[in-house]
Amino acid sequence: QVQLVESGGGLVQPGGSLRLSCTASQRTFRAYDMAWYRQGPGNQREWVAGITTVGRTTYADSVKGRFTISRDNAKSSLELQLTNLQREDTAVYYCNAGCSFSKCRPIGSWGQGTQVTVSS
């Protein structure tokens with residue numbers, strides 16, 4: 001399966017910002033729809049944002065207006081810009097490939113993710 005690695009997480013204060021990155025093991029990265037997910041303490045993994053191969057984006061209501069998903073097919077990279085972070089955003093963030101919407105099923109293997117902690 002598609003293997004992915006996330007990076008860019010860290011500790012920030014409420015209202016702060018982070019930029020997360022994701023890379024895939026395949027050279028055909030640009031051919032996949034992509035999405036970000038997160039799993040907070042004691043919660044199930046949830047879909048956060050998605051982007052198609054042609055750059056169409058969708059967002060969960062909880063992050064709309066604060067997070068921005070993007071991709072650079074030339075660099076085979078997926079990004080998630082997080083702004084105005086809130087304590088509720090604390091979670092391990094994951095990326096995956098193969099779909100972009102909330103209810104579709106990605107095809108990649110789940111990686112370790114990257115930890116985002118929002119605390120004052």
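Visitor: What does the accessible surface of the chain come to, and how much of that belongs to carbon and sulfur atoms?

Guide: About 6,400 Å², and carbon and sulfur atoms hold 45% of that surface. The area comes from the Shrake-Rupley method with a 1.4 Å probe; for residues, only the protein chains shown count as cover. Before we go on: this is a predicted model, where local features need pLDDT of at least 70 and side-chain atom pairs count only at pLDDT 80 or more, while totals for chains, interfaces and linings use all residues. Residues are numbered from 1 along each chain as its sequence is written, and side-chain values use heavy atoms, with hydrogens and water left out.

Visitor: How many helices and strands does the chain have?

Guide: 0 helices and 10 strands. Both are DSSP runs numbered from the N terminus: helices are H or I with at least four residues, strands are E with at least two.

Visitor: Why is leucine 18 called buried?

Guide: Buried means under 20% relative accessible area, exposed means over 50%, and partly exposed is in between (1.4 Å probe, protein chains only). Leucine 18 has 14%, so it counts as buried. This residue sits in strand S3, residues 18–24. Across the chain, 43% of the 120 residues count as buried.

Visitor: Which residues is leucine 18 in contact with, leaving aside neighbours within four places in sequence?

Guide: Among them are Gly8, Val12, Leu80, Leu82 and Val116. Contact means heavy atoms within 4.5 Å.

Visitor: What makes tyrosine 37 and tryptophan 110 an edge-to-face pair?

Guide: Rings of Phe, Tyr and Trp (its six-membered ring) pair if their centres lie within 6.5 Å; planes under 30 degrees apart count as stacked, over 60 as edge-to-face and the rest as tilted. A search of the whole structure finds 2 such pairs. In this one, the centres of tyrosine 37 and tryptophan 110 are 5.1 Å apart, with 85 degrees between the planes, which is edge-to-face. Tyrosine 37 is in strand S4 and tryptophan 110 in the loop between S9 and S10, so the pair ties together parts 73 residues apart in sequence.

Visitor: Are these two residues buried or partly exposed?

Guide: Tyrosine 37 has 6% relative accessible area, so it is buried. Tryptophan 110 has 36%, so it counts as partly exposed. Tryptophan 110 also forms an edge-to-face pair with tyrosine 94, at 6.0 Å centre to centre and 85 degrees between the planes. Tyr37, Tyr94 and Trp110 form one aromatic cluster.

Visitor: What is the phi of serine 76, and where is that residue found?

Guide: Most residues other than glycine have a negative phi. Serine 76 has a positive phi of about 55 degrees although it is not a glycine. Its place is the loop between strand S7 and strand S8. With a relative accessible area of 21%, serine 76 is partly exposed.

Visitor: And how do you know that asparagine 84 counts as partly exposed?

Guide: Its relative accessibility is 42%, so asparagine 84 falls in the partly exposed class. Asparagine 84 lies in the loop between S8 and S9, and its phi is positive too, near 45 degrees.
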